[in-house]
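Reader: I would like to go through the terms used for this model and see what each one rests on. Please start with the rule behind the salt bridges.

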Amino acid sequence: MRFLKKSIWVFHLNSGSCNGCDIEVVDVLTPYFDAERFGVKLVASPRHADALLFTGPVTLESLPKVVNAVKAVPRPRIVVALGSCAVGGGIWHDTYSTIGGVKELLKILDKQGVVVDAVYYVPGCPVRPESIIHAIALIKGLVKKRVGREAS
Amino acid sequence: MARVKSRVLGFLRILGIAGRTGRVTRKYPYEPPLVTSDFRGKIEFDSEKCIGCGACVLVCPSNALEIMERGGRVVLRYFIGRCIFCWRCVDVCPVEAIRGTTGFELATDNPNDLYEEVVHDTVGCSECGRGFMTVKQKDYVLGKSSVVENYIDLDPGCRRRKFLEAIERRFGGGE
Amino acid sequence: MGREVVDKYTSVIRGVDRSADIVFKDDTLYTTISPSSLRDLAKKLYWDLGCFHRTCAGVDERSLNGYFAVYHIFGDDRNGLNIVVKVYADPENPVVPSIVDIVPAVDWCEMETRDLLGIRFSGRSEYRLVLPPSWPNNLYPLRKDVPYNLRPKILASSERVGEGATGVAVPIGPYHPALHEPEYFELYVEGERVVDVKYRGFHVHRGIEKLGESRMTYQQVNFLAERICGICGFEHAVCYSQAVEKAAGIDVPERALYIRSIVLEIERIHSHLLWIGVAAHLLGYDTGFMHTWRIREHVMVAAEMLTGSRKTYGINMVGGVRRDVSGEKIGRTLDMLRIIEREFQELVDTMVSVPQVKKRLSGTGVLSREDARKLSVVGPTARGSGLDRDVRRDLPYAAYRDVSFNVPVYDSGDNLARFLVRVEEVFESIGMVRQLLENIPKGPIMVEEFIIPENRVAVSVVEAPRGEDVHFIITGHGRPYRWKVRAPTYNNIPALRVMLEGESLADAPITIASIDPCFSCTDRLLIIRSDGSRKWVSLDRLGCIR
C-alpha cells in the first residue's frame, strides 16, 4: 500500500449512527486537532475518496445506499470503521432494524463481488478525535498498534 | 434583548481575534493529547482477583462481556469493539477485579486483537461430574460463609435432587 | 398551579363525556374517555383552551386488560399542566377516530401508531410512514407477540427520484457533503424557486423503543436513551429517568438534581455552539465555523472533567447520578465559563457584522405565528416565531426552580430570529451554570434503595437544545412495559414544508439547518413505501419483532 504514504482523502459515511462519532469526525478538522496536517481532507463525493470513515450500525433503510456509496469508491478501497456501532454493532447489535455493523456489511459486499482492500477498526463511544488521528497515523505507518498480542 | 451588536466593517475584528489566538493545535501523536485524568477509557482485568461470577456480564448494556464454556473451562471474554465505556462493570464487580484506564488508542486492522479473555478452571460436581462453578468462586463463597460446606461440591441439579430425597426420607414418600 | 385550573379542566372533560374517568397526580391530569367524544375534547383543548399537543402513543395492552389503547398527550404551558387522554380500541379490529383535521400536528404520530401497532384511524387518508416499503404487511413490530430481534428476509429498496410532482426534482442526500446524517430531501424547483418538498427519513431507525422493552433493565435503558442522539443524548436520559421516578414516586436528592441541571446546561451550550458553527459553514463563512468550534472545545474538556467522557456522559441513573462534582472542578469550570463568555461575545459580534451573513439570514425561511401554532413547533423554532414556550420555566424540573433566567423570544420568524435566539440562550445558560455551581447543596447523589411498582403511567417533559422532548412510560416488571420517545425535531420537520415554499434554492440548506434537525432523535422508525411515498414512523411503534 505504497500510495498510503501520501495524503489520504476521506469520505464520511453515516449508516445510521447517533451522530456522536460524526461530530467528532468534524471536530478532527477544527483547530485543536487539525487532521489536515496529515493531508487528510473531507471530500464531497465517494469517487474522490481513498478511505471511507464509516459510522453507525448499518440500518435496513440505509443498506442499499451504503452499498452504492462503497461501490463508487475506486480501488484500492479502505474502510475505517469508527465507533462501537460500526465495529461490533454497538448497543443495538441484535435489533430488528439493523444488520450488526461492518462485519455483516463486508459479508454482503463479498457476495456482490465488491472487494475491500483494507479494513481498520477503531472502538470508542464516541470516538475521541485523537483516536481517529491515531488510526490515520496507523494507516500511514507512523505509530504502532496498542491492542492485541503484538502490541508495544 | 440585543446582546449582539453589528457594526459596519465590524467583521475586520476577526483579524484581531485570529492574531491574539495564535496557533492552538496539539501536535498529537508527537505531543501529549488533550485528555484529562477523568476520562473513561478501556478496562483491564486482574485475572488473579476475578472469580468468574458473571455479575459484569449481567449489567453490560451492550453485551460486550460474555461468559461461556470452552473445553471444560469457563472463559470471560471482553470484546473491546462493542464496549461503550460506561464502566458499569467496574462499579459492580464484587472483588474489584476490573480497573478502568484512560486508554483510547484502540485502532487495529485485525479484529481478533479486540478480544481479551480471562480463563478459569471449574469445579466438578461430586455426584455427576459436571463442571458448574469456578474454583475461585468456590473459595470466595466459602470465605464468606462456611455453612455451605455441605453442598458446595454439588451442582444445582444434584442439590435439588438431594434436597427432595431428604424431604422424602423425613416425611415418608412414595416407595 | 392551583386547584381551580384542575377543576376547570375537569368540568370541560365532564362536559364532553359525563362518564369520563379522571385522576390528577403530580402535574398531570389522566383521563379515559369514550372514542366518540375524542374529537370534541381535542377541539376544546387545542383551540378553546389554548393547549399544545405533545404526542400520541399507541400501546398494546392486550396482556393487561385485553384492549389496545391510544394516549393523546396535551400540554398547557401557561399553567404547567399535562393532560393525558386515553381511548380504548377493540383488540380484533382496532379503529380510533382521527383528529388530524382539528390538530394538524398529529399527522405523523397517528401514522406511526398505524405502522407499528396496526391501529387504524378513521376519517383520514392513511399512508405508510415508518417501515420500509418491502416490510411484510400485518407484521406490526411493536405488538407484544412480536420479538425484538426478528429480522424478516426483506430486500431494502433504493430511492426513486421525483415521481408525480410539478417542477424539476433536486435530490439532496442521503449522503451529501452538507449533511451529517443520512436523510433524503427532494426539492421540486421551478427555476430557482422551491415549490414542493418531499422528505424521506428514518434512515436512522434502530429499534430503540422495542429494545428498551425487551433486552434491557430499568438502569440499562439510561445508556440506551443516551445514544438516541449523540448531540442531545443526556437530556433523553434525564427525561427517561424522570418519567420512571415520577411513576414510582422516587425522591431524588437535591445535589443530584443540581448536577443534572449543570450537565444539561453544559450540553445546551455545546449544542448551540455546534449549530452556530455549522450555520456559519453553510453560509460560506468558514472562519466563523473554525473559531466557534475552537471555543466549543473548552466546553468539551469541561464536560470530560465533570462527567468522564466528551459526549454520551453516562452519569445519569434512575434515582440520581453516578459522579460527584468536587470543589476543585467547580473552580476550573467557572474559569472555563469566563473564557467562553468573553471570546464568544466578541466572535458573535464580528459574525453578524459580516454583511453577507446578515443579508442571507434576514427574511429567509419565514414561519408565521399562525403556522407555528397549528403545527405545535417547539424550541428555538417556536421562540423565533413569537411563541413563548419553554419547559424549563413552565413545568420546572430538576433544579430549575432555584435559578433565574430569561427566555428570548423574537417575532420575525426568519432564520436570523432563530440564530439570535440560540445566541442569547448560550449567554443565559452560562449564567445559569454559574448560579448552580455557586449554590450547589451538600448531600448524597443517589438514592440507594427503591422499588418500581408495575403498571404506573407517567409523562416527563424536558427542554432539549432543540425543543421540548417528551417521554411516556408505562412501568412493567424489571423493565418498562411501554416507552415512547417524542423527540423535538419530530414536530419541527413538518414546518419545513411551509418554510421552504417559495424560497430560492440557495437558501434551502440554511433553512433546513435552522430548525437544527437531529434526525437520529426523529428516525426512530421510518417506513417508506415501494411506490415512492414515504412514511415516517416512529420506531417505538415498530416495537420488536422477535
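Author: A salt bridge is a side-chain nitrogen of Lys or Arg within 4 Å of a carboxyl oxygen of Asp or Glu. The model is predicted, and across the interface of chain A and chain B the rule finds three salt bridges.

Reader: Why is the pair A:Lys145 and B:Asp109 called a salt bridge?

Author: The closest N and O atoms of A:Lys145 and B:Asp109 are 3.5 Å apart. The cut-off is 4 Å between a Lys or Arg nitrogen and an Asp or Glu carboxyl oxygen, so the pair qualifies.

Reader: Which elements of chain A give two or more residues to the side that touches chain B?

Author: They are helix H3 (83-88), strand S5 (118-122) and helix H5 (129-139) of chain A. H5(A) has the largest share, seven residues.

Reader: How many residues of each chain are in contact, and what area is buried between them?

Author: In chain A 36 residues contact 32 residues of chain B. The buried area is about 3000 Å², and carbon and sulfur atoms give 61% of that. On the side of chain A, A:Tyr32, A:Arg128 and A:Val147 supply 20% of the area that this chain buries against chain B, more than any other three residues.

Reader: Why is B:Leu12 called partly exposed?

Author: Its relative accessibility is 42%. Buried means under 20% and exposed over 50%, so B:Leu12 falls in between. The residue is in the segment before helix H1 (13-21) of chain B.

Reader: What makes up the nonpolar surface patch that includes B:Leu12?

Author: B:Val8, B:Leu9, B:Leu12 and B:Leu15 make this patch, of about 450 Å².

Terms used:
Residues numbered from 1 in each chain as written. Chains lettered and ligands numbered in written order. Predicted model: local features only at pLDDT ≥ 70, side-chain atom pairs only at ≥ 80, totals over all residues. Heavy atoms only, no water. Patch = residues over 30% accessible without salt bridge, like charges linked within 9 Å, V, L, I, M, F, W, Y side chains within 5 Å. Areas by Shrake-Rupley, 256 points an atom, 1.4 Å probe, with all protein chains shown as cover. Helix = DSSP H or I, 4+ residues; strand = E, 2+ residues; numbered from the N terminus. Buried < 20%, exposed > 50% of the residue type's maximum accessible area, 1.4 Å probe, protein only. Contact = heavy atoms within 4.5 Å. Buried area = accessible area lost by both parts, 1.4 Å probe.
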